[in-house]
Amino acid sequence: MKKLLASTVFAAGLYGFAGAAYADCGSVSIAEMNWASAGVAANVDKIILEEGYGCSVELVTGDTMPTFTSMNEKSQPDMAPEFWVNAVRTPLDAAVKEGRLIEAAEILADGAVEGWWIPKFLADAHPDIKTVEQALKYPELFPAPEDPSKGAVTNCPSGWNCQVSTANLYRALGAKDKGFDLVDTGSAAGLDGSIASAFEKKTGWLGYYWAPTAILGKYEMVKLSFDVPHDKANWDACTAVPDCADPKVNSYPTSQAFTVVTKQFADKAGVAMDYIKARKWTNATVNGILAWQTDNQGTNADAAKHFLETQPDVWTKWVSPEIAEKVKASL
């Protein structure tokens, strides 16, 4: 994702009996992580667990490492809906093996993706551009904002891990010698604004971005191939290291985001765990929700309600018909 390959976590809880009335599932704590897709997911869980299963849900502020540490050591919160596991793969594996935590559904069904993208309207006009190397043959298609005689590769803001990887790949690809500048957008808003401007002006844009995000829900982009497999060893040793001496062309990893729950919660959760194990959605679905949230200046709760109201074809597959009717009646 951006600053780190973030982690996301879903939380839900309930205790009950299928078919008949559900027993009081009691209180459930869910981590509302501090990035958009995870925050919306936590609010979707809150609505479904409260309205469908009669739980009392508390959302607690979360972030990758503090939430993982608290769940692992204190069994609180009960659940993290969208947890990006790459950041804590080794300790999480140990916690699962030792019976403290459980990985439920991979909430982002197609993984969280990073890479270099171009606008779809440009890809459609130039079907020969499928890879980054092919894009770098045409600096005139991606004019730099300060010097249109050169092409631009748009980088991440300072302090984000992707700024390091993009700069190293820019050097590995020899992009400067091919007529491209590496452009710093200064901030997240600047990066988003550069994409919006390219679409408004129908000019080319080439640079780093990730999904799921509101921007990719609003503007249709195509991710280019680096035409090599992801080399994790080289990535860790060089691509992700500032000013690596001899960077090689590499592909971004696909990051996995799972719902993680405590063992203590899973043992008491009953049929709620069936929901948590089934609940997953695609980047395209999340991109659209986040685009709506941005356009309407909505809260995470607003976006969750909008999703439940407008996409029952997605979420009703996660629950029984009886639960689905209870949730629909509450909206």
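## Second largest pocket

The lining of the second largest pocket is made up of 14 nonpolar, 4 polar and 3 charged residues. Here Ala, Val, Leu, Ile, Met, Phe, Trp, Tyr, Cys and Pro count as nonpolar, Asp, Glu, Lys and Arg as charged, and the others, Gly among them, as polar. The model is predicted: local features need pLDDT of at least 70 and side-chain atom pairs pLDDT 80 or more, while totals for chains, interfaces and linings use all residues. Residues are numbered from 1 along each chain as its sequence is written, and side-chain values use heavy atoms, without hydrogens and water.

The space in this pocket is about 350 Å³. Asp192, Tyr209, Thr213, Ala214 and Ile215 are the closest to its centre among the 21 lining residues. Two or more lining residues come from each of helix H1 (36–53), helix H7 (188–201), strand E8 (207–211), helix H8 (214–218) and helix H12 (283–295). H7 gives the largest share, 4 residues. A pocket is an open set of points on a 1 Å grid over the protein atoms alone, where a 1.4 Å probe fits, with protein on both sides within 12 Å along at least five of seven lines; lining residues have an atom within 4 Å of a point. A volume is the space filled by probe spheres set on the points, which are joined across faces, edges and corners. Helices (H or I, at least four residues) and strands (E, at least two) are DSSP runs, numbered from the N terminus.

## Nonpolar cores

The largest nonpolar core holds 59 residues, and Val44, Ile48, Trp281 and Trp318 have the most contacts inside it. H1 contributes the most to this core, 9 residues. Such a core is a set of buried Ala, Val, Leu, Ile, Met, Phe, Trp, Tyr and Cys residues joined through side-chain atoms within 4.5 Å. Buried means under 20% relative accessible area, exposed over 50%, and partly exposed in between (1.4 Å probe, protein chains only).

Leaving aside residues up to four places away in sequence, Ile48 touches Tyr53, Tyr275, Leu308, Trp315, Trp318, Val319 and Val327; contact means heavy atoms within 4.5 Å. Another core, of 40 residues, lies apart from the largest one and includes Trp116, Ile118, Phe142 and Ala175.

## Backbone features in loops

Gln76 and Pro77 are joined by a cis peptide bond, with omega about -5 degrees. Pro77 lies in the loop between helix H2 (64–74) and strand E3 (79–84). Ser75 is also found in the loop between H2 and E3. Ser75 has a positive phi of about 60 degrees although it is not a glycine, and is buried at 17% relative accessible area.

A cis peptide bond also joins Ala211 and Pro212, with omega about 10 degrees; Pro212 is in the loop between E8 and H8.
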